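I opened the notebook to record what I looked up in this structure. The entries go from ground rules to one chain, then to the interface and one residue.

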Amino acid sequence: MKRAQLQTLLYVDDEPDIRQIVQMALGLAPGLSIHTGDSGENALSLARTLRPDLVLLDVMMPGLDGPGTLTRMRSDPALAQIPVVFMTAKAMPQEVARFRELGAAGVIAKPFDPMKLAQQVFAIWDTIPAGAQA
Amino acid sequence: VVTALTGADGEISGYLGMLADITERKKMERMKDEFISTVSHELRTPLTSIRGSLGLLAGGAAGAMSEKATSMVKIAHQNSERLVRIINDILDIEKIEAGKLELHSQRIALSALLQQAVEVNQSYADKYQVRLALEPPADDAAVLALVDECVD
C-alpha cells in the first residue's frame, strides 16, 4: 500500500502558549496544514470535521484528557483509524508504555525542541504502517 | 531476617527472627515519588513555553534579530536547556533508587565544551569580579564527557 503523505495535523492542548509554539514550530515544515483545539471534546469535534491525517494530543487536560480522548476516538468508527501521538510532560517509561497500550502511535516529551518538532512528528509518521495512516 | 543460633560445638540450637513493619516507610516513599512526579510536571509545563519560544527565536524561526538580541536569546535559550536537564536529573533520582540510572557520555569537541563552561559560569564569575580567560585547545581535540556535569 502506498504511504500517505502527512498533510493535515490537529494539535490539541489546553495551554494556549504551547499551542502557539507548536503551531509555529510545525509551520516550519512546508506543506503541513496545522489546526489546533483546546480540549478533548474539542478534539473529537474538530477531528470529525477536519479528518486530519494525524492528531497530536496533550495528555493532561481538564475534562476529557488525552487518554480519554484517544479511547473515545477508537470507539468512533469515523475517527478510529486516525493515528494519535501524545505530547506529555510526564514521559516516564511506565507512562509511555501505558500510552502505547492505549494505541498511541508515539509519544513526544515536553519540553520539546521546537526546531526539531516537525522532524520528530514526521519520524513517528513514518513508523505508522501505511494501512493505518488515515 | 532470620539467623541461625549456634552453640560452642557449632550445632544449631535455634533461630532468631526479626521483623520490622515497613508499611509507613513504603507509604512515605510512594508519597515522595508522587511529589517528585507532580513537581517535575508542574515545572515542565511553563518550561515548555519558555524553551519553545526561545528555541524558535534562537533558531531564526521568528525572523532576524540584532546581534545583541541574538546573544541574549542564546544565553536564555542555553539556560532553559540546562533547566530542562536539571529537572530530568531530579527525575533520575527515582532511577538511582531503583539502580537503573545510566550515565551517557558523549563525544564533544573540547573547545566547544570549554566555551560552554565559560559561558555558563560567566555571570557567576562577574559577580565576584573574576575574569575567565579561555585559551582554545587544538582544534581537533575531542573528549568523551558527561557534558552537563562537566559544565556545572
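What follows are my notes, in the order in which I looked things up.

**Ground rules.** I am working with a predicted model, in which local features need pLDDT of at least 70 and side-chain atom pairs count only at pLDDT 80 or more, while totals for chains, interfaces and linings use all residues. Residues are numbered from 1 along each chain as its sequence is written, chains are lettered from A and ligands numbered from 1 in the order in which they are written, and side-chain values use heavy atoms, with hydrogens and water left out.

**Chain A.** I looked up the elements and found 5 helices and 5 strands. Helices (H or I, at least four residues) and strands (E, at least two) are DSSP runs, numbered from the N terminus. Read from that end, chain A goes β-α-β-α-β-α-β-α-β-α.

Next I checked burial, where buried means under 20% relative accessible area with a 1.4 Å probe, protein chains only. Chain A has 134 residues, and 51% of them count as buried.

Among the contacts in chain A with a separation of 6 or more, 64% are between residues 24 or more positions apart.

**Where chain B meets chain A.** I found 18 residues of chain B in contact with 17 residues of chain A. The two chains bury about 1,700 Å² between them, 74% of it on carbon and sulfur atoms. Buried area is the accessible area (1.4 Å probe) that two parts lose on being put together, summed over both. On the chain B side, H41(B), T48(B) and L56(B) lose the most area to chain A, together 33% of what that side buries.

Which elements of chain B give two or more residues to this side? They are α1 (23-58) and α2 (67-97). I noted that α1(B) gives the most, with 12 residues.

I then counted salt bridges (a side-chain nitrogen of Lys or Arg within 4 Å of a carboxyl oxygen of Asp or Glu). There are 0 between chain B and chain A.

**One residue.** I picked S49(B), which is found in helix α1 of chain B. Is S49(B) buried or exposed? S49(B) counts as buried because its relative accessibility is 11%. Leaving out residues up to four places away in sequence, S49(B) touches D17(A), I18(A) and I21(A).

Note on methods: Contact means heavy atoms within 4.5 Å. Buried means under 20% relative accessible area, exposed over 50%, partly exposed in between (1.4 Å probe, protein chains only).
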